[in-house]
Amino acid sequence: MKPAAATGPGSFPARLRAREQLVGYWVACDNPVGTERLAGVGYDYIGVDGQHGVTDSAGWRNAMLAVDAMGRSAGVIRVPSAAPATIGIALDAGARAVIVPMVDTVEEAAGAVRACRHWPTGTRSMGGPVRAELRLGSVPAELDEAVACIIMIETVAALRNLAAICATPGLDAVYVGPADLTVALGGAYFGDPAVADELSRALKEITEAAARVGIASGMHCPDGATAAQRLEQGFTFATVSSDITHLQEAAARHLAAARGAKGADR
């Protein structure tokens, strides 16, 4: 691991590139008030799910406002696809990084990277008076340095092209989507023990491929204990569960406590 960079939300891309161990939290609900509370807990980043969550682009902006209000965590958005326009909207909303899903090839990875960078290395348009300019300035090179591009590895094709994807110029990190990757490896569902060994081998390949070229590797985890295990296994950043999962779990736990064992089935 390289020496740690300075801390704070704005340092997230540099800390990610330095392969510092980072822990994040996932937001799927369109609830800026709740997101603001989560952003004050102390996670290094808050990931907002723009692919499977219930937020639209206006929700992304509100979530980034909520995260920034606390001044502790960096706001990250998982976009729905590698479409340059979508990536640009997320970055203009103030995301410090984008996570790009379902990338299969080097060409797709390179296109996502270009969408995060301005000319001459990229295709991102200058945003003008939007949140990104307010927070990060208007100098293209400085804007490019202030955001990170993270590619998801979650398909058989991505595994087949893993080394080349990791070596994509300008790519900052790869991120494992364990549910899709499990199914891609032949599992019937996330957590299917029938492909546990295959998944373990794939995760090892991913961390090693990223380390060889000096980029970060991350993974989505169901809980904090699993996140700690993944960091110990070689991942450099890990995301913990999600707000909607924990909301339901907490409500169910308190209901069971209030009713007691005798009334737990009511």
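Select helix α2 and helix α3 to begin: α2 passes α3 in a right-handed crossing, a term used where the near helix is turned clockwise from the far one by less than a right angle, and left-handed where anticlockwise. Helices (H or I, at least four residues) and strands (E, at least two) are DSSP runs, numbered from the N terminus. The model is predicted, so local features need pLDDT of at least 70 and side-chain atom pairs count only at pLDDT 80 or more, while totals for chains, interfaces and linings use all residues. Residues are numbered from 1 along each chain as its sequence is written, and side-chain values use heavy atoms, with hydrogens and water left out.

Helix α2 covers residues 32–39 and helix α3 residues 57–70; the two pack at an angle of about 35 degrees, with axes 8 Å apart. Here axes are lines fitted to C-alpha atoms, for helices over the stretch in contact, and angles run from 0 to 180 degrees between N-to-C directions. Display the side chains of Pro 32, Thr 35, Glu 36 and Ala 39 on α2, then those of Asn 62, Ala 63, Ala 66, Val 67, Ala 69 and Met 70 on α3, which make the contact (heavy atoms within 4.5 Å). Seven of these residues are nonpolar, two polar and one charged; Ala, Val, Leu, Ile, Met, Phe, Trp, Tyr, Cys and Pro count as nonpolar, Asp, Glu, Lys and Arg as charged, and the others, Gly among them, as polar.

Next, select Cys 29, in the loop between β1 and α2. Its C-alpha atom is separated by 6.0 Å from that of Val 54, 25 residues apart along the chain. Apart from neighbours within four places in sequence, Cys 29 is in contact with Val 54, Thr 55, Asp 243 and Ile 244.

Now show the strands. A closed barrel of eight strands runs β1-β2-β3-β4-β5-β6-β7-β8, with parallel pairing (two strands pair if DSSP finds at least two bridges between them). On average, neighbouring strands of this sheet are turned by 25 degrees against each other, direction ignored. Select β1 (residues 22–27) and β8 (residues 237–240): these strands run parallel and are joined by four bridges. One to locate is the bridge between Leu 22 and its partner Phe 237 in β8.

Which residues lie nearest the centre of the largest pocket? Select Trp 26, Pro 178, Ala 179, Phe 190 and His 220, from a lining of 22 residues. The pocket holds about 310 Å³ of space, and α10 gives the most to its lining, with three residues. The lining divides into 11 nonpolar, seven polar and four charged residues. On a 1 Å grid over the protein atoms alone, a pocket is an open set of points with protein on both sides within 12 Å along at least five of seven lines, a cavity is a set where a 1.4 Å probe fits but cannot get out, and lining residues have an atom within 4 Å of a point. Grid points are joined across faces, edges and corners, and a volume is the space filled by probe spheres set on the points.

Finally, select Trp 119 and Pro 120, whose peptide bond is cis, with omega near 15 degrees.
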